[in-house]
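Reader: I have a model open and want to learn how to read it. Please take me through it feature by feature.

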Amino acid sequence: MDDFGRETNMITNTLNTISRLTTCMTLVLLFGCSAPQKVEKPIIPFPKPPDEARFYFQDLIYTSADIIPEDEDARMSRVLAGAARTGEGFMKPYDVSAHKGRIFVSDTNKRQIYLIDRREGKFTTFPEEGPFAFKKPMGLDNDGQGNLYVIDTVKESIAIFDRDGVFLREIAKPDSFHRATGIAVNSEGTRAYVVNTGGVDSEEHNIKVIDLNSGELLYTIGKRGTAEGQFNLPKDVAIGQNGRLYVVDSGNFRVSILEPDGTHVKSFGELGVEFGRFARPKGIALDPDNNIYVMDSNFGNFQIFNQEGQLLMFIGERGGVNVSASYMLPAGIEVDEDGRVYVVDQFFRKVEVYRPASVAEYEGYFADPSLAPEKKAN
């Protein structure tokens, strides 16, 4: 190579170096040299002003990128490449349960359970390769130790995992379960209440009570019908602080409240489009104050009732635009120990989180640790 060629290469390399440095300096000016900056989310109150806020929208979870922090090197590399951040996401989520900052989401298409822990930065699935596989996981619940109980509506079984997703055992009751969709487990982990949705040609519209130690059927609650204590296409069940059972009786458009032995206490709700009524009730949960949360798939919202069945408020609306508090096919709902509400939408493949106004954004099990006052001060 002659002198002219060498000089040309030197000039070209120098210009490329200056260009890279300029780009890097621009990124430093834009993003800084410290840890990734938290993107401020809008504070959306429910109900809207001038009413006093009872809840605030907190999170919208689509993928692992919404939970797992991105380190500085990965962020800089992505920005330099002009790429958007991506992550593993849901396929068709159905139900959600929570235990002390860890939430679990069933996915009927992926045939796995998502384990999500914001404080630990976890977003994983289970079971992986091993002795157990799902066919169609649906209803979920945790006992007081955090063990997870999963209804598989195709296998007609209860799969039990520990809090880390390690498979413990399976209880198969093919003669007892008929389109089982919902489950509630007592805090001790000794008894499960399994909802048989049944169908048009089935009379098994009831709740099966299972001894989780022996795996035996203890007794059956209810039968198909419209009278008090009877069910028509029940969908879900929850256990209240008072030990009572709260059943979404979908085909009768009501919530039935029962003693653990099945004795009918009361029911509330009816078919209608007005607030306080139901069109397609699906999931149910109770908060620490024993208020009742009912997800309605047709309305695209969840309504909150007191123990007398009086409507307190509602959040959400049915809509084809994927924004917060807009749902097309909502299913499961959960309320954790702090009163945070978790909502699953199958169509938009998301989980939304709402925090009660009495809980600060940095407080509680599922708070974002980057929002803590000492973190924000830095």
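Reader: Let me start with one residue. In which strand is Leu-311 found?

Author: Leu-311 is found in strand 22. Helices (H or I, at least four residues) and strands (E, at least two) are DSSP runs, numbered from the N terminus. Two ground rules before we go on. This is a predicted model, where local features need pLDDT of at least 70 and side-chain atom pairs count only at pLDDT 80 or more, while totals for chains, interfaces and linings use all residues. Residues are numbered from 1 along each chain as its sequence is written, and side-chain values use heavy atoms, with hydrogens and water left out.

Reader: How many helices and strands does the protein have?

Author: Three helices and 27 strands.

Reader: Is Leu-311 buried, partly exposed or exposed?

Author: First the scale. Buried means under 20% relative accessible area, exposed means over 50%, and partly exposed is in between (1.4 Å probe, protein chains only). Leu-311 has a relative accessible area of 32%, so it is partly exposed. Across the protein, buried residues make up 50% of the 378 residues.

Reader: Now the inside. How many residues does the largest nonpolar core have?

Author: A nonpolar core is a set of buried Ala, Val, Leu, Ile, Met, Phe, Trp, Tyr and Cys residues joined through side-chain atoms within 4.5 Å. The largest has 19 residues. Phe-46, Phe-55, Phe-302, Val-341 and Tyr-354 have the most contacts inside it. Six strands supply at least two residues each: strand 2 (55-61), strand 20 (292-296), strand 21 (301-305), strand 22 (311-315), strand 25 (330-335) and strand 26 (341-345). Strand 2 gives the largest share, three residues. A second, separate core has 15 residues, including Ile-103, Val-105, Tyr-114 and Val-353.

Reader: Which residues is Phe-46 in contact with?

Author: Contact means heavy atoms within 4.5 Å. Leaving aside neighbours within four places in sequence, Phe-46 touches Ala-53, Arg-54, Phe-55, Phe-57, Met-313, Ile-315, Ala-325 and Tyr-354.

Reader: How many aromatic pairs are there?

Author: Rings of Phe, Tyr and Trp (its six-membered ring) pair if their centres lie within 6.5 Å; planes under 30 degrees apart count as stacked, over 60 as edge-to-face and the rest as tilted. The structure holds 20 such pairs. Take Phe-90 and Tyr-114: centres 4.8 Å apart, planes at 75°, so the pair is edge-to-face. Phe-90 lies in the loop between helix 2 (72-81) and strand 3 (93-99), and Tyr-114 in strand 5 (residues 112-117), so the pair ties together parts 24 residues apart in sequence. Both Phe-90 and Tyr-114 are buried. Elsewhere, ring pairs link Phe-46, Phe-55, Phe-57, Tyr-293, Phe-302 and Tyr-354 into a cluster.

Reader: Where is Phe-123 found?

Author: In strand 6. Phe-123 is buried, with a relative accessible area of 4%. Its contacts beyond four places in sequence include Phe-90, Tyr-114 and Glu-88. Phe-123 and Glu-88 are 35 residues apart in sequence, yet 8.3 Å apart in space, C-alpha to C-alpha.

Reader: Last, charges. How many salt bridges does a search of the whole structure find?

Author: Side chains of opposite charge can pair when their charged atoms come close. A salt bridge is a side-chain nitrogen of Lys or Arg within 4 Å of a carboxyl oxygen of Asp or Glu. The search finds 16. One of them joins Asp-59 and Arg-118, with the closest N and O atoms 3.0 Å apart. Asp-59 is in strand 2 and Arg-118 in the loop between strand 5 and strand 6 (122-126), 59 residues apart. Asp-59 is buried at 6% relative accessibility, and Arg-118 is buried, with 6% too.

Reader: With which residue does Arg-277 form a salt bridge?

Author: Glu-270 is one partner, with the closest N and O atoms 3.4 Å apart. Arg-277 also bridges to Glu-274, again with the closest N and O atoms 3.4 Å apart. Arg-277 is partly exposed at 30%, as are Glu-270 at 42% and Glu-274 at 40%.
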